[in-house]
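Please look over the sequence and the structure shown here before reading on. The briefing below is arranged by topic, for use beside the three-dimensional view.

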Amino acid sequence: MNFYKDISCAIFDLDGTLVESISAWREVDINFMKRRNLPIPDDFYDRVSTLNFSQAADYVTAECGVTDPKEVVMNEWLEELRYDYANVIKMVAGAKEFITKLHENGVRIALATASRPELFKPCLERHGVLDLFDVFVTTDEVKRKKGFPDVYLLAAEKAGVEPTTCAVFEDIYLGCVGAKAADMYTVGVLEEHSRDDWEKMQEICDLIIEDYTKLV
């Protein structure tokens, strides 16, 4: 696969795929539950990894013993994360150079994420790549979460391209499942926090990478 010639659109997940933000999320989750003297369920991270803010807030209030109103939960998460996204979180090695080269070769670039614009836009702007993106899509805009093709198909539609001409970059197994269901070339990014799923990702993905340095 020559990404600069063989695809019309590259669709990227954000957290863990383009930026090293998973540790920040883990710290927020730990502190959030600790303030309420609540344990973190064993399957907590597997459950929330495919959810958007609203769905994750529904989950913690319905199943984790959190009694705060949903809006309070989401606002607390956002306030804790804003600074890190705007000032601290780094891009995955080679990601900026890879996106830049895709753009220079006329490949359309889309973001398909469960994150919020108030987090990802300052982060991408700080790294100098925000203006290289043609399309931004969040899972708030589709009915089904990652694990299904909806968000990737919407990204292709907004980019004005056929799904079969797209490549998706994802760091979680269910994201890769959704991308394959959309009939898109799927690249699994081996992010440390998803190590337990690496074997399954290697089985389903068309390509596996640790970072983008070898693609530049």
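Over the ring of which residue does the charged end of arginine 116 sit? In this predicted model, that ring belongs to phenylalanine 53, and the charged end of arginine 116 lies 5.3 Å from its centre. The points below take up charges over rings, aromatic pairs, a loop glycine and the cysteines.

**Charges over rings**

- Besides arginine 116, whose charged end is placed over the ring of phenylalanine 53, lysine 200 has its charged end over the ring of tyrosine 173, at 4.4 Å from the ring centre.

**Aromatic pairs**

- The structure contains 17 aromatic pairs, and one of them is formed by phenylalanine 98 and tyrosine 212, which are stacked with 5.6 Å from centre to centre and 20° between the planes.
- Because phenylalanine 98 belongs to helix α5 (residues 95-104) while tyrosine 212 belongs to the segment after β6 (207-209), this pair ties together parts that are 114 residues apart in sequence.
- Both phenylalanine 98 and tyrosine 212 are buried.
- The rings of phenylalanine 133 and phenylalanine 136 also count as a stacked pair, because their centres are 5.6 Å apart and their planes meet at 25°, under the limit of 30 degrees.
- Within that pair, phenylalanine 133 is buried, with a relative accessible area of 6%, whereas phenylalanine 136 is partly exposed, with a relative accessible area of 24%.
- Ring pairs also join Phe3, Tyr4, Phe12, Phe98, Phe169, Tyr185 and Tyr212 into a cluster.

**Glycine 128**

- Glycine 128 is found in the loop that runs between α6 (117-126) and β3 (135-138), and with a relative accessible area of 49% it is partly exposed.
- Computed along the sequence, glycine 128 and phenylalanine 98 are 30 residues apart, and their C-alpha atoms are 13 Å apart in space.

**Cysteines**

- The count of disulfides is 0, and cysteine 123 accordingly takes part in none, with the nearest cysteine sulfur, that of cysteine 9, lying 20 Å away.
- Cysteine 123 is buried, its relative accessible area being 0%.
- For cysteine 166, the closest cysteine sulfur is again that of cysteine 9, at 4.6 Å, which is too far for a bond because the two sulfur atoms of a disulfide have to be within 2.5 Å.
- Cysteine 166 also counts as buried, since its relative accessibility is 1%, and buried means under 20%.

Definitions and conventions. Residues are numbered from 1 along each chain as its sequence is written. This is a predicted model: local features need pLDDT of at least 70, side-chain atom pairs count only at pLDDT 80 or more; totals for chains, interfaces and linings use all residues. Side-chain values use heavy atoms; hydrogens and water are left out. Buried means under 20% relative accessible area, exposed over 50%, partly exposed in between (1.4 Å probe, protein chains only). Helices (H or I, at least four residues) and strands (E, at least two) are DSSP runs, numbered from the N terminus. Rings of Phe, Tyr and Trp (its six-membered ring) pair if their centres lie within 6.5 Å; planes under 30 degrees apart count as stacked, over 60 as edge-to-face and the rest as tilted. A charge sits over a ring if NZ of Lys or CZ of Arg is within 6 Å of the ring centre and within 35 degrees of the ring normal.
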